[in-house]
Amino acid sequence: MTDSNGTPDSMVLERTFDAPVELVWQMWTEPEHFKAWYGPDGASIPVAEFDVRVGGTRRVCMEVDSPNGLMRMWFAGEHLEIDLPVQLVYTESMTDEDGNPVSPDGHPATTEVRVELEDAAGKTRMRLTHVGIPAGSPGAAGWTMALDKLAVHVQASVSR
Amino acid sequence: MGTAVDEDRLSETFAALANTTRRAILGRLARGAATVNELAEPFELTLPAISKHIKVLEEAGLIVRGRQAQYRPCALDAAPLREVSNWAERYRPVWEARFARMDDYLRQLQAQSKEKRTR
């Protein structure tokens, strides 16, 4: 919890890119651009499909070279919020090739990614929030508040 | 960190947290210890139902229970929540590397379009 507004299950990153907001938005929403940067080093993104509208689905395949040969990982999700070209919120779950959820050890079944873009004199300030438990998940109301309270408690016990 | 045991425990923590009633119970316990009866009060649930939720939280290590006779007050144990926090932090280096690549890619892209324009 080094960043402001972080809850115990979230991670916040901020970065400024020397590019206009519209172009950074395309980095996230256009498959050809997305494929160019998203994969970790040594991985490629053979599939990226985005239906960029609220409720629209997304599907990403990551191909990693492993000692056991090429390994493919699939991710599926849904767009929760779209405010072109400044805000994109989507869920992400690990799935098999057919889109059936697989539950990796030690991870919540679904995570939420929030991208916020802001013009800064021709450059783009990007704020990324990756949340372990999506705000839009069933019964999430009050969760953030509860987490905030817990965060205080956690902090207190860390410093103990 | 990063052992199989930790991973199992983290899964258990997330499973325990994936329920509104249990999160509300934790929210209540963040204000101080309480008995099962006190915890049951705000919910329209039977004592056995509440006890079930408490058992899940206890097994996930999120609450500890006292030994005082039949009351056995519940208290929050924040340690597993710290692991949840660590979980989210695991994503940081992944995203940082991605953004470094995005930065490079944006530079290339803009250099190319500049070149086209000046040609």
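Colleague: Where in chain B is confidence lowest, and where is it highest?

Modeller: It is lowest in helix 1 (residues 4-17) of chain B, at a mean of 71, and highest in helix 4 of chain B, at 93. That is pLDDT, the predictor's confidence in each residue, from 0 to 100. This is a predicted model: local features need pLDDT of at least 70, side-chain atom pairs count only at pLDDT 80 or more, and totals for chains, interfaces and linings use all residues. Residues are numbered from 1 along each chain as its sequence is written, while chains are lettered from A and ligands numbered from 1 in the order in which they are written.

Colleague: What is the mean pLDDT of chain B?

Modeller: The mean is 83, with 90% of chain B residues at 70 or more. The model has ipTM 0.77 and pTM 0.65.

Colleague: How do the elements of chain B run?

Modeller: From the N terminus, α-α-α-α-β-β-α. Helices (H or I, at least four residues) and strands (E, at least two) are DSSP runs, numbered from the N terminus.

Colleague: Back to helix 4 of chain B. Which of its residues are buried?

Modeller: B:His53, B:Ile54 and B:Leu57. Buried means 20 or more other C-beta atoms within 10 Å of the residue's own; exposed means 12 or fewer, and partly exposed is in between, with C-beta atoms placed from the backbone. Down the axis of helix 4 of chain B, the buried residues fall within an arc of 100°, so they line one face. The arc is that of the directions from the helix axis to the C-beta atoms.

Colleague: And which are exposed on the other side?

Modeller: B:Pro48, B:Lys55 and B:Glu59. Just after the helix, B:Gly61 has a positive phi of about 75°.

Colleague: Switching to chain A. What is the strand order in the sheet?

Modeller: The order is 1-7-6-5-4-3-2, in an open sheet of seven strands with antiparallel pairing. Strands pair if DSSP finds at least two bridges between them.

Colleague: Why is one side of strand 1 and of strand 2 of chain A left without a neighbour?

Modeller: Strand 1 (10-17) and strand 2 (43-50) of chain A are at the edges, each with a single partner strand, so one side of each has no neighbour in the sheet.

Colleague: How many bridges join strand 1 and strand 7 of chain A?

Modeller: Eight, in the antiparallel sense, with strand 7 of chain A covering residues 123-131. There, A:Met11 has A:His130 as its bridge partner.
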